[in-house]
Amino acid sequence: MAEFAESLDSLWAVQKHDLAIVRAQDSIDKTNRETAASLAKLEARQAKLAERQAEQRKLHNEHKELEGELHRLDERVKQLEGQGTEAGMEAATKQRAKIDEMEMKGLDLITAVATAEANVEAAKAEVEAYRATHEATAAAHAEVIKAAEAVIDAEKEARAESVANVVPELLQVYEEVNARHPGKALCHLEGEFCGGCQSELNTQLQMQIRARKEILRCRNCTRILDV
Ligand SMILES: [Zn+2]
């Protein structure tokens, strides 16, 4: 029964295409994961920038509020002094002490705002630098994926030709096993062992495999066996 042996030969060709498809798909998946990781790094830098911008706005607003308060106090001092009374002068002195204290705080805030601004600029630079890296990475990855997809298309086309030479019964079993062991459903008899899982095969089964006349599978891993 030469026909079955020929079917097995063609099935090896089918498997070769399936293995190439599996590898190309793995490379697409890996590349997509790497692109996602690169994007996550960019987003982390963007989040850091947003955080620093919020900090800068907060300090800026605090400073603005303090300036407003100082202005009100200045007005109050003028008013008290304008009263021309001893009590007024005393109150004005107290207010001036408060103004001095607030002005000190204002200076500290100015320093803090300047630091926050520098931090924002540094974070912005980090985002821009990494964005360029990410964009280059993403563009290179897109090329890798395009090439892998072209491989898959070509392999699928070649596979269709090989599949036509495999008897339907064998092909059906192969498809089932291939779903479980992608690209590795068909394996060789290696001495007395299954080439897929290395379990020992009995003598009867080994003889049947060598005859290449029927579908024979490993009891342990279910793979199809051939010489
Ligand atoms: Zn096995």
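This report describes the fold, core, helices and loops of one predicted protein model.

## Basis of the model

Residue numbers start at 1 along each chain as its sequence is written. The model is predicted, so local features need pLDDT of at least 70 and side-chain atom pairs count only at pLDDT 80 or more, while totals for chains, interfaces and linings use all residues.

## Overall shape

The protein has 4 helices and 3 strands. Helices (H or I, at least four residues) and strands (E, at least two) are DSSP runs, numbered from the N terminus. Their order from the N terminus is α-α-α-β-β-α-β.

Along the principal axes, the C-alpha atoms fill a box of roughly 125 × 35 × 25 Å.

Buried residues account for 14% of the 227 residues. A residue is buried if 20 or more other C-beta atoms lie within 10 Å of its own, exposed if 12 or fewer, and partly exposed in between; the C-beta atoms are placed from the backbone. Two residues are in contact if their C-beta atoms, placed from the backbone, lie within 7 Å. Among contacts between residues at least 6 apart in sequence, 72% join residues at least 24 apart.

## The sheet

The 3 strands form an open sheet in the order β2-β1-β3, with mixed pairing. Strands pair if DSSP finds at least two bridges between them. The edge strands, β2 (193–194) and β3 (224–226), each pair on one side only.

Strand β1 (residues 186–190) pairs with β3 in the parallel sense over 3 bridges. Leu186 has Ile224 as its bridge partner in β3. His188 stands opposite Asp226, also in β3. On the other pairing, β1 and β2 run in the antiparallel sense over 2 bridges. Here Leu189 has Cys194 of β2 as its bridge partner. β1 and β2 form a hairpin with 2 residues between them, and Gly191 in the turn has a positive phi of about 65 degrees.

## The nonpolar core

The largest nonpolar core has 15 residues. Such a core is a set of buried Ala, Val, Leu, Ile, Met, Phe, Trp, Tyr and Cys residues joined through C-beta atoms within 7 Å. The residues with the most contacts inside the core are Leu11, Tyr174, Ala185, Leu186, Cys194, Ile224 and Leu225. Helices α1 (2–82) and α3 (168–180) each supply at least two core residues, as do strands β1 and β3. The largest share, 3 residues, comes from α1.

Tyr174 touches Leu11, Ala185, Leu186 and Ile224, not counting residues up to four places away in sequence. In soluble globular proteins, nonpolar side chains tend to be buried together.

## The helices

Helix α2 (residues 86–163) has 78 residues. It reaches 109 Å from its first C-alpha to its last, close to the 116 Å expected at 1.5 Å a residue. The expected span is 1.5 Å times one less than the number of residues. The buried residues of α2 are Val113, Val127 and Ala148.

Helix α3 has 13 residues that should span 18 Å; its end C-alpha atoms are 19 Å apart, which agrees. Tyr174, Val177 and Asn178 are buried in α3. Seen down the axis of α3, its buried residues fall within an arc of 105 degrees, so they line one face of the helix. The arc is that of the directions from the helix axis to the C-beta atoms. The face turned away from this buried side carries the exposed residues Pro168, Glu169, Gln172, Glu176, Ala179 and Arg180.

## Loop residues

His181 sits in the loop between α3 and β1. It is partly exposed, because 17 other C-beta atoms lie within 10 Å. His181 and Arg57 are 124 residues apart in sequence and 57 Å apart in space, C-alpha to C-alpha.

Most residues other than glycine have a negative phi. Gln198, which is not a glycine, has a positive phi near 70 degrees. Gln198 lies in the loop between β2 and α4 (203–211). With 11 C-beta neighbours inside 10 Å, Gln198 counts as exposed. Thr222 also is not a glycine and has a positive phi of about 70 degrees. Thr222 lies in the loop between α4 and β3. Thr222 is partly exposed, with 16 other C-beta atoms within 10 Å.
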